[in-house]
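Please read this briefing alongside the sequence and the 3D view.

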Amino acid sequence: MQDILDEIVATIGASDSRGQPANYIPQLACIDPNQFAITVAMADGRVYSAGHSNQLFSIQSISKVFTLTIALGKLGDSVWSKVGREPSGDPFNSIVQLEHEHGKPRNPFINAGAIAIADAILMGHQPKETLAEILQFVRFIADDDSVSIDDKVAQSELATGDRNASLAHFMASFGRLDNPVDCVLGTYFHHCSIAMTTEQLAKAGLFLVDDGRNPVTGARVVSPQRARRINSLMLMCGHYDGSGEFAFRVGLPGKSGVGGGILAIAPGKASIGVWSPGLDDVGNSKLGTEALEKLVEHTGWSIFG
Ligand SMILES: NC(=O)CC[C@H](N)C(=O)O
């Protein structure tokens, strides 16, 4: 495995066609695009990394896997009265479907859906309390107490978050939010601003590798049925309007973020964190996707055989 990762770093990680870092969040726009990291956390506890795997990056929408997991824990199946579970086929920050579908987002991973999930887990609490709970959960699943929120990124999103504010107000106009829009957005922007390394991220995904239980720590996080369902949502919706392309090329449940990270799950085998800040046209890590494609080619880990 180490040889495979070293080769991926030497070839894909050195590519000069890297895509562009997200430019609508100023704090992300200034990240050096020449960085690349990959970590494979195996179900048996072995961890392999290559590249800048100790560099913290903004996990952005990857955090939506964690907030969905928390929401399912708190609300159970009534989460599905708040968000759907169909691919949107639209960009992550699109507003068009919301009007036709009466303010109910297609799935929990597009921005509107994740804002609805942030509202669901707030349950009348202050954003600070809910964020502490989210952070505690991520630290628990990653088995790492150092995971934190990058406040500069959160402030940068807040300052330029007109589109997300529009989505939230639009949903509120349909009576779909239970908490004040400002509290919901504050929670959303901050959980998107959690900073992690690929190693922390890969470890955090381990519970989705082994039927909802972290195979290394032995901690049960969710039931096997719930883990399967989260993986299915990642496969169908984790890369927005690039989800079909990702399934076609990589064949694993995956969740991307505009910080350039991707968490991918090879059920029964490994959790993979990859990061390269340059994005493709739909906002998914360009080299991250290429690296996963290569990894799956070498390992045969595609869920489609
Ligand atoms: N795709 C993403 O990672 C988007 C998340 C980002 N925080 C936003 O709201 O735009």
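**Helix α5 and the overall model**

Helix α5 is mostly covered, since twelve of its twelve residues are buried, where buried means that 20 or more other C-beta atoms lie within 10 Å of a residue's own, exposed means 12 or fewer, and partly exposed lies in between, with C-beta atoms placed from the backbone. This is a predicted model, in which local features need pLDDT of at least 70 and side-chain atom pairs count only at pLDDT 80 or more, while totals for chains, interfaces and linings use all residues. Residues are numbered from 1 along each chain as its sequence is written. Helices (H or I, at least four residues) and strands (E, at least two) are DSSP runs, numbered from the N terminus.

**More on α5**

- The buried residues of α5 include Asn111, Ile115, Ile117 and Leu122.
- From its first C-alpha to its last, α5, with twelve residues, reaches 16 Å, close to the 16 Å expected at 1.5 Å a residue, the expected span being 1.5 Å times one less than the number of residues.
- Among the elements that cover the buried residues of α5 are α3, α4 (96-100), α6, α8 and α9.
- Just after α5, Met123 takes a positive phi of about 45°.

**The largest nonpolar core**

- A nonpolar core is a set of buried Ala, Val, Leu, Ile, Met, Phe, Trp, Tyr and Cys residues joined through C-beta atoms within 7 Å; the largest one here has 92 residues, of which Ile115, Ile117, Ile272 and Leu292 touch the most other members.
- Helix α5 (residues 111-122) gives this core its largest share, nine residues.
- At least three residues of this core come from each of domain 1 (2-60 + 194-299) and domain 2 (63-192).
- Apart from neighbours within four places in sequence, Ile272 is in contact with Val40, Ala202, Ala264, Ala266, Leu292 and Leu295, contact meaning that two C-beta atoms, placed from the backbone, lie within 7 Å.
- In soluble globular proteins, nonpolar side chains tend to be buried together.

- The domain assignment gives domain 1 (2-60 + 194-299) and domain 2 (63-192), with bounds that come from an automatic or database domain assignment.
- The C-alpha centres of domain 1 and domain 2 lie 21 Å apart, and the contact takes 33 residues from domain 1 and 33 residues from domain 2.
- On the side of domain 1 that touches domain 2, α2 (26-29), β5 (194-196), α10 (198-204) and α11 (224-237) each supply at least two residues, and α11 provides the largest share, six residues.
- The residues on that side of domain 1 divide into 20 nonpolar, nine polar and four charged, where Ala, Val, Leu, Ile, Met, Phe, Trp, Tyr, Cys and Pro count as nonpolar, Asp, Glu, Lys and Arg as charged, and the others, Gly among them, as polar.

**Positions listed in UniProt**

- An unreviewed UniProt entry lists Ser61, Asn111, Glu157, Asn164, Tyr188, Tyr240 and Val258 under "binding site"; such positions are given in the numbering used here, feature names are shortened, and annotations may be inferred rather than shown by experiment.
- Ser61 is in the loop between β3 (57-58) and α3 (63-75), and Ser61 counts as buried because it has 25 C-beta neighbours inside 10 Å.
- Not counting residues up to four places away in sequence, Ser61 touches Phe92, Phe109, Cys192 and Val258, among others.
- Asn164 lies in helix α8 (residues 162-173) and counts as buried, with 21 C-beta neighbours inside 10 Å.
- Leaving aside neighbours within four places in sequence, Asn164 is in contact with Asn111, Ile115, Leu185 and Tyr188.

**Helix α9**

- Helix α9 is mostly covered, with nine of its twelve residues buried, including Leu185, Tyr188 and Cys192.
- At 1.5 Å a residue, the twelve residues of α9 (residues 181-192) should span 16 Å, and the end C-alpha atoms are 16 Å apart, which agrees.

**Loop residues**

- Most residues other than glycine have a negative phi.
- Asp143 has a positive phi near 55°, lies in the loop between α6 (127-142) and β4 (148-149), and counts as partly exposed, with 15 C-beta neighbours inside 10 Å.
- Asp211 also has a positive phi near 55°; Asp211 is placed in the loop between α10 and α11.
- Gly45, in the loop between β1 (37-42) and β2 (47-51), counts as exposed, with 11 C-beta neighbours inside 10 Å.
- Gly45 and Val216 are 171 residues apart in sequence but 5.3 Å apart in space, C-alpha to C-alpha.
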